[in-house]
Amino acid sequence: MSITIAAMPGQLPDLKMLALFGCGAVLLRGAGCTVNDLLDRDIDNKVERTKSRPFASGVLTPLQGVGFLGFQLLLGLGILLQLNNYSRILGASSLLLVFSYPLMKRFTFWPQAYLGLTFNWGALLGWAAIKESLDPAVVLPLYTAGICWTLVYDTIYAHQDKEDDLKVGVKSTALRFGDLTKYWISGFGAACIGSLALSGYNADLGWPYYPFLGAAAAQLAWQISTVELSNRSDCNRKFVSNKWFGALVFSGIFFGRLVS
């Protein structure tokens with residue numbers, strides 16, 4: 001999204017940069033999952049949904065995990081070095097968030113907010129990779145929208161594990177919000193859409209952006225209004241459906257930039 005919104009008006013986004021960031025997202029997300037599973041292995045083996053994960057089940061040893069993590073980070077470094085110096089510093093700074101996120105569920109009921117800060121760093125980095133700078137009027141609303149979106153989908157996701165989380169003593173927004181979850185995530189959903197609208201307006205995106213954003217808002221409203229928070233399979237189904245929300249927003253940015 002950030003790379004596309006940074007494209008010149010009437011032009012396609014930088015395809016090489018999209019490919020680099022696509023690979024980088026897979027690698028860094030994978031590294032985050034490796035760190036998470038390493039640090040949480042003694043918790044995961046007590047949770048029904050996660051007890052079969054490689055480190056929790058003993059299929060892989062922690063030493064093997066550290067070796068694999070090193071391999072992931074080495075490949076990620078190869079991608080980072082292809083960016084400008086501004087982006088290299090900004091990208092490397094995200095590692096602090098990546099490595100500390102798995103610990104948050106032990107200390108705060110808001111690990112989903114911290115995940116939002118971590119997962120959506122690309123809103124800053126994508127723009128910086130194209131422009132070699134940051135435009136706060138565009139990237140900060142985009143970053144805020146991503147954080148709010150994460151709070152919606154990861155709170156829904158966390159409702160799958162709330163009974164087990166209570167038993168093992170870890171925290172989440174699902175436990176913090178409880179019966180008021182739908183009110184909370186409705187607020188975050190509205191903030192997400194509002195921030196996306198502000199980012200698009202400040203970036204001078206063309207009119208196609210707004211119908212797509214309206215469709216994305218409808219998809220998010222459908223998720224929130226229909227999710228059965230006591231039904232694990234439905235929570236997972238709604239969580240997975242966020243690929244369509246992301247696709248709608250990206251499509252709006254893509255076509256909005258082409259006609260701007």
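Predicted model: local features only at pLDDT ≥ 70, side-chain atom pairs only at ≥ 80, totals over all residues.
Local features need pLDDT of at least 70 and side-chain atom pairs count only at pLDDT 80 or more, while totals for chains, interfaces and linings use all residues. Residues are numbered from 1 along each chain as its sequence is written, and side-chain values use heavy atoms, with hydrogens and water left out.

**Transmembrane spans**
- The unreviewed UniProt entry places "transmembrane region" at residues 59-80, 113-130, 142-159, 207-227 and 239-259; such annotations may be inferred rather than shown by experiment.
- Residues 59-80 are 86% helix and 0% strand, with end C-alpha atoms 31 Å apart.
- Residues 239-259 are 90% helix and 0% strand, and their end C-alpha atoms lie 32 Å apart.
- Helices (H or I, at least four residues) and strands (E, at least two) are DSSP runs, numbered from the N terminus.

**Helix α7**
- In α7 (residues 111-119), Pro111, Gln112, Tyr114, Leu115, Gly116 and Thr118 are buried (under 20% relative accessible area; exposed is over 50%, partly exposed in between; 1.4 Å probe, protein chains only).
- These buried residues pack against α6 (85-100), α9 (136-158) and α11 (173-177).

**Asp44**
- Asp44 belongs to helix α3 (residues 41-44) and counts as buried because its relative accessibility is 6%.
- Beyond neighbours within four places in sequence, Asp44 is in contact (heavy atoms within 4.5 Å) with Asp37, Thr50, Lys51, Arg53 and Ala56.

**Asn236**
- Asn236 sits in helix α14 (residues 232-240); its relative accessibility is 32%, so Asn236 counts as partly exposed.
- Outside four places in sequence, Asn236 is in contact with Tyr157 and Gln160.
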